[in-house]
Amino acid sequence: MKVTLFDAKPYDLPGFRRYGEQAGIEFKIYETKLNEDTVSLAAGSDAVCVFVNDTVNAPVIDRLAEYGVRAVALRCAGYNNVDLEHAFGKIHVMHVPAYSPYAVAEHAAAMLLTSIRRIHKAYIRTKDFNFSLNGLTGFELRGKTVGIVGTGRIGRAFIEICRGFGMKVIAYDKFPAEGIDYVSLDELFARADIISLHCPLTEETRHLINRESVGKMKKGVVIVNTSRGGLIESEALLDGIKERKIGAACLDVYEEESDVFFRDFSGHIMDDDTLARLITMPNVLLTSHQAFLTEEALDSIAEQTVGNLVEFFAEGRSENELCYRCGRQEECRKKRSRKCF
Ligand code: NAI
């Protein structure tokens, strides 16, 4: 089996080489992202393996299908970068639904604690032998209300961590689960001291945090986003920070991250003014889509992605196949025929 792997980083390679070799997969590895300009690199492959910022839109899907590529194996959970509706009937799409929810939940917790206890500032100060504490006053998590949007695998892992800190947890989810105190989105905005986003990016959730919702929040609210950048309207976030309404933002994702994240721009001029302005804010902590990056998660991602490919090419189906009808119980054929089309 020949697979073209796009947007490869050094930390991806050991796992994919190891599991790929065991499965007899020949990987063609490229640092470049998949898009309309690079899709020709996939010619002659049976499948492509892509990550969060590769573009799998209609023109790319058509070209892949023309080349006889039969599967897109996402090595991530989120799939908002794939036009699933266009892919239907042309190319099978698989993802890794859960590799380590703890990797992301723990990163969210790490960002939250770093931000509210000013660890990032203290680290820089003590490196410079500045042992002053002025301006480093934080606040305690115990007794605070955290509002979780999306109580799936990661949201629930984060809830466990929050409960361990003695926080009061309220949540909003389109599909509520047992044992969680659910409220409406408006009530969550009004009551939460900390809001953490763990829902997928869909047409419904795009710009969930916007001017109107920021207006409903408590003064000093801390917003944590380790999910997808498009959940937050960046300009509204920036204005909320400038108006002193938002107390802090912990962002592992950013709306326009695909042109910037995973690359070294030190020494370059940053064209994205909103990102540049956000980074200058003392109460904004930004990591570049790093929440998944643990040894455990990388190993599990490689193992499951290779497993999806092997299963698909051996049996013509994969447990982790996706289509735009998946989740709509009546319509998706996977339940009956074990494949989406
Ligand atoms: P999941 O599928 O287990 O949970 C998602 C939850 O969101 C579900 O409970 C679902 O009912 C809920 N949801 C769906 N639509 C909603 C809506 N309109 N409003 C409120 N809730 C809604 O997914 P999981 O594994 O917990 O991942 C969550 C998100 O985290 C992913 O969609 C992905 O975007 C992001 N992610 C980020 C990573 C990073 O490195 N920063 C790594 C992995 C995932």
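Reply: Start with the open sheet of 6 strands, ordered β2-β1-β3-β4-β5-β12 and mixed in its pairing. The edges belong to β2 (26-29) and β12 (321-322); each has a single partner strand, so one side of each lacks a neighbour in the sheet. Strands (E, at least two residues) and helices (H or I, at least four) are DSSP runs numbered from the N terminus. Two strands pair if DSSP finds at least two bridges between them.

A note on the ground rules. This is a predicted model: local features need pLDDT of at least 70, side-chain atom pairs count only at pLDDT 80 or more, and totals for chains, interfaces and linings use all residues. Residues are numbered from 1 along each chain as its sequence is written, and side-chain values use heavy atoms, with hydrogens and water left out.

Now the pairs. Strands β1 and β2 run parallel, joined by 4 bridges. Within that pair, Val-3 faces Phe-27 of β2. Right-handed means that, with the strands pointing away from the viewer, the path from the first strand over the helix to the second runs clockwise.

On to β3. Strand β1 (residues 2-5) pairs with β3 (residues 47-50) in the parallel sense, over 3 bridges. Here Val-3 has Ala-47 of β3 as its bridge partner. Helix α11 packs on the sheet and touches β1, β2, β3, β4 (71-74) and β5; its direction makes about 160° with that of β4. Contact means heavy atoms within 4.5 Å. Angles run from 0 to 180 degrees between N-to-C directions, with axes fitted to C-alpha atoms, for helices over the stretch in contact.

Two residues deserve a stop. His-92 sits in strand β5 (residues 92-94). His-92 counts as buried, at 11% relative accessibility. Beyond four places in sequence, the contacts of His-92 are Arg-70, Ala-71, Val-72, Phe-312, Glu-321 and Phe-341. Gly-44 lies in the loop between β2 and β3. Gly-44 counts as exposed, at 56% relative accessibility. Buried means under 20% relative accessible area, exposed over 50%, and partly exposed in between (1.4 Å probe, protein chains only). Not counting residues up to four places away in sequence, Gly-44 touches Lys-2 and Tyr-67.

Step back to the chain. Its domain assignment gives domain 1 (2-99 + 295-322) and domain 2 (101-286). The contact between them takes 13 residues from domain 1 and 9 residues from domain 2. Their C-alpha centres lie 30 Å apart. The bounds come from an automatic or database assignment.

A further sheet is also open, with 6 strands in the order β7-β6-β8-β9-β10-β11 and parallel pairing. Its edges are β7 (168-172) and β11 (284-286); each has a single partner strand, so one side of each is left without a neighbour in the sheet. Ignoring direction, neighbouring strands are turned by 15° against each other on average.

Look at β9 (residues 221-225). Strand β9 pairs in parallel with β10 (residues 246-251) over 5 bridges. Val-221 has Ile-246 as its bridge partner in β10. Helix α6 (residues 153-164) packs on this sheet, touching β6 (145-149), β7 and β8 (194-197); its direction makes about 175° with that of β6. On its other flank of pairing, β9 is joined to β8 by 4 parallel bridges. Ile-194 faces Val-222 of β9. The chain goes from β8 through helix α8 (residues 211-216) to β9 in a right-handed β-α-β crossover.

In β9, 5 of the 5 residues are buried, so the strand is largely enclosed by the rest of the structure. Val-221, Ile-223 and Asn-225 point one way, Val-222 and Val-224 the other. In a regular strand, side chains alternate between the two faces of the sheet.

The largest nonpolar core has 79 residues; Leu-34, Val-48, Leu-64, Ile-195 and Leu-237 have the most contacts inside it. Helix α11 (residues 295-315) gives the most to this core, with 7 residues. Domain 1 and domain 2 both give residues to the core, so it lies between them. A second, separate core of 23 residues includes Ala-108, Met-111, Val-146 and Val-222. A nonpolar core is a set of buried Ala, Val, Leu, Ile, Met, Phe, Trp, Tyr and Cys residues joined through side-chain atoms within 4.5 Å.
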